[in-house]
Amino acid sequence: MTSTFDKFFTFLFYRKGLAIFLLLAPLLIWLGVVYLGSLFTLLIQSFFSIDSFSGVIKREFTLESYYDLFRQSTNWDIIIRTTTMAFTVTIVSAIIAFPIAYYMAMYAGPKLKPVLYLGVMLPLWSSYLVKVYSWKLIMAKEGILTWCLEELGLLHVLDVILAIPVIGGTSLSFSYIGMFLVFVYIWLPYMILPIQASLERIPKSLLEASSDLGGGPAQTFRKVVLPLAFPGVVAGSIFTFSLTLGDYIIPTIIGNSSYFIGMAVYTHQGTAGNIPLAAAFSVIPIVIMMVYLMIAKRLGAFDAL
């Protein structure tokens, strides 16, 4: 005797569209209600304002929060500082990640490749905060890095680097340089893996054809490998750029306390209690990432994910 479950699955077997919809329904509900709903609420909040005397939010449609956001030069400094850091971290991560990914894809044998995968992914298994605080101790003025440079007689090199205006500081843990190093370390695996995946998909026959046609290693890399791997670089940049753009923990722990977008949102929402201005600040990285994703899509990044 056919059970009810058998009849139900038979019914779905002949109606694949309905079956796919039922499988995706929980995810779509979660995405639509929780994620997109929260973003929509955030957008609505940015069009409210706060009474300067009572501190009460006035739920009336206005552009006052955006006016307050863009009229102050300090807010522009925060936006430019955050975007510059995200862009710099992305470029340097790509420069470091490409040789590692290239070796993993092209030269690593079946025994070495799992070890390299483990080495790349192992930092992702440890606590984010533990890694950040560990780097703060390493780069502190009395940390192990300073001690090693002192033992090697290279402490003056660090002093010269820290004396550079804007990016320097009293120590690496209180400078933009130290913040930059921590960002690169934390997000580097997210750049290596997409590049390695794109390099793995390059047919070996193309490399052999380039060699047969007289192309040297440098020409083959420039004309064949790099164009085919570039979508993977752009795909990795989506992670490094967006994660740096929205991070507020690393700038809070490492650096000279100069505000980044995430820190500004946290301060306006928490300490200042100005939720409309915090919401308006939150819209800025969303707009930046929308433009960035449009460019990445044109460059074929989504094909490499």
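Visitor: How far apart do the C-alpha centres of domain 1 and domain 2 lie?

Guide: They lie 35 Å apart. This is a predicted model, where local features need pLDDT of at least 70, side-chain atom pairs count only at pLDDT 80 or more, and totals for chains, interfaces and linings use all residues. Residues are numbered from 1 along each chain as its sequence is written, and side-chain values use heavy atoms, with hydrogens and water left out.

Visitor: What makes these stretches domain 1 and domain 2?

Guide: The domain assignment gives 4-46 as domain 1 and 74-299 as domain 2. Such bounds come from an automatic or database assignment.

Visitor: Which residues make the contact?

Guide: Five residues come from domain 1 and seven residues from domain 2. Contact means heavy atoms within 4.5 Å.

Visitor: What area is buried between domain 1 and domain 2?

Guide: About 430 Å². Buried area is the accessible area (1.4 Å probe) that two parts lose on being put together, summed over both. Carbon and sulfur atoms give 84% of the area between these domains. On the domain 1 side, L42, Q45 and S46 supply 82%, more than any other three residues.

Visitor: Why is the pair D68 and R71 called a salt bridge?

Guide: The N to O distance is 3.3 Å. The limit is 4 Å, so the pair qualifies. Side chains of opposite charge can pair when their charged atoms come close. Both residues lie in helix α3 (residues 64-71), three residues apart, about one turn of the helix. The structure holds two salt bridges.

Visitor: How does the radius of gyration of the chain compare with that of a compact globule?

Guide: The chain has 25 Å; a compact globule of 305 residues would have near 19 Å. The radius is taken over C-alpha atoms, and the globule rule is 2.2 Å times the number of residues to the power 0.38. By that rule, the chain is above the globule value.

Key: Salt bridge = Lys/Arg side-chain N within 4 Å of Asp/Glu carboxyl O. Helix = DSSP H or I, 4+ residues; strand = E, 2+ residues; numbered from the N terminus.
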